Amino acid sequence: FGLFQRAKECGLTTSLDTNWDPSEKWSEDLYEVLKQTDVFFPNDDEAIQIAHESSLDKAIEKLRKMVKVLAIKKEKKEQWFVRARSNLIYRLLKLKR
């Protein structure tokens with residue numbers, strides 16, 4: 001948490017791309033880091049677990065209040081859903097190469 005807070009104090013932009021919690025505890029301590037995070041990149045399963053919600057829509061509503069930009073990777077469908085604190089909602093398709 002201190003590192004992200006210091007970065008914000010220096011006027012830097014912060015981003016966080018989480019990984020799966022092997023213990024599957026998903027501590028709410030992460031919320032303190034998210035409050036200092038500009039762009040958050042969880043995948044859909046991580047978002048649901050981190051938010052302690054039962055659906056992706058509920059997770060999005062909870063997490064989008066904590067960060068400036070929430071970019072959720074939909075791994076299984078090869079899509080990204082990006083939502084910010086504002087009412088703007090973007091749906092981006094990941095292109096196959």
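Helices (H or I, at least four residues) and strands (E, at least two) are DSSP runs, numbered from the N terminus. This is a predicted model, where local features need pLDDT of at least 70 and side-chain atom pairs count only at pLDDT 80 or more, while totals for chains, interfaces and linings use all residues. Residues are numbered from 1 along each chain as its sequence is written, and side-chain values use heavy atoms, with hydrogens and water left out.

**Exercise 1. Find out how much of α3 is buried, and what its buried residues pack against.**

Solution. 
- Step one: set the cut-offs. Buried means under 20% relative accessible area, exposed over 50%, and partly exposed in between (1.4 Å probe, protein chains only).
- Step two: count. In α3, 6 of the 8 residues are buried, namely Asp-44, Glu-46, Ala-47, Ile-48, Ile-50 and Ala-51.
- Step three: look around. A contact is heavy atoms within 4.5 Å, and the buried residues of α3 pack against α2, β2 (39–40), α4 and β3.

**Exercise 2. Describe how α3 and α4 pack.**

Solution. 
- Step one: get the geometry. Their axes (lines fitted to C-alpha atoms, for helices over the stretch in contact) lie 9 Å apart, at an angle of about 65 degrees. Angles run from 0 to 180 degrees between N-to-C directions.
- Step two: name it. That makes α3 roughly perpendicular to α4; angles under 35 degrees count as roughly parallel, over 145 as roughly antiparallel, 65 to 115 as roughly perpendicular and the rest as oblique.
- Step three: list who meets whom. Asp-44, Ala-47, Ile-48, Ile-50 and Ala-51 in α3 meet Leu-56, Ala-59, Lys-62 and Leu-63 in α4.

**Exercise 3. Trace the largest nonpolar core.**

Solution. 
- Step one: define it. A nonpolar core is a set of buried Ala, Val, Leu, Ile, Met, Phe, Trp, Tyr and Cys residues joined through side-chain atoms within 4.5 Å.
- Step two: size it up. The largest one has 19 residues, and Leu-34, Phe-40, Ile-50, Leu-63 and Leu-70 have the most contacts inside it.
- Step three: see who contributes. α2 (30–34), α3 (44–51), α4 (56–63) and β3 (69–74) each supply at least two of its residues.
- Step four: zoom in on Leu-63. Leaving out residues up to four places away in sequence, Leu-63 touches Leu-34, Phe-40, Ala-47, Ile-50, Ala-51 and Leu-70.
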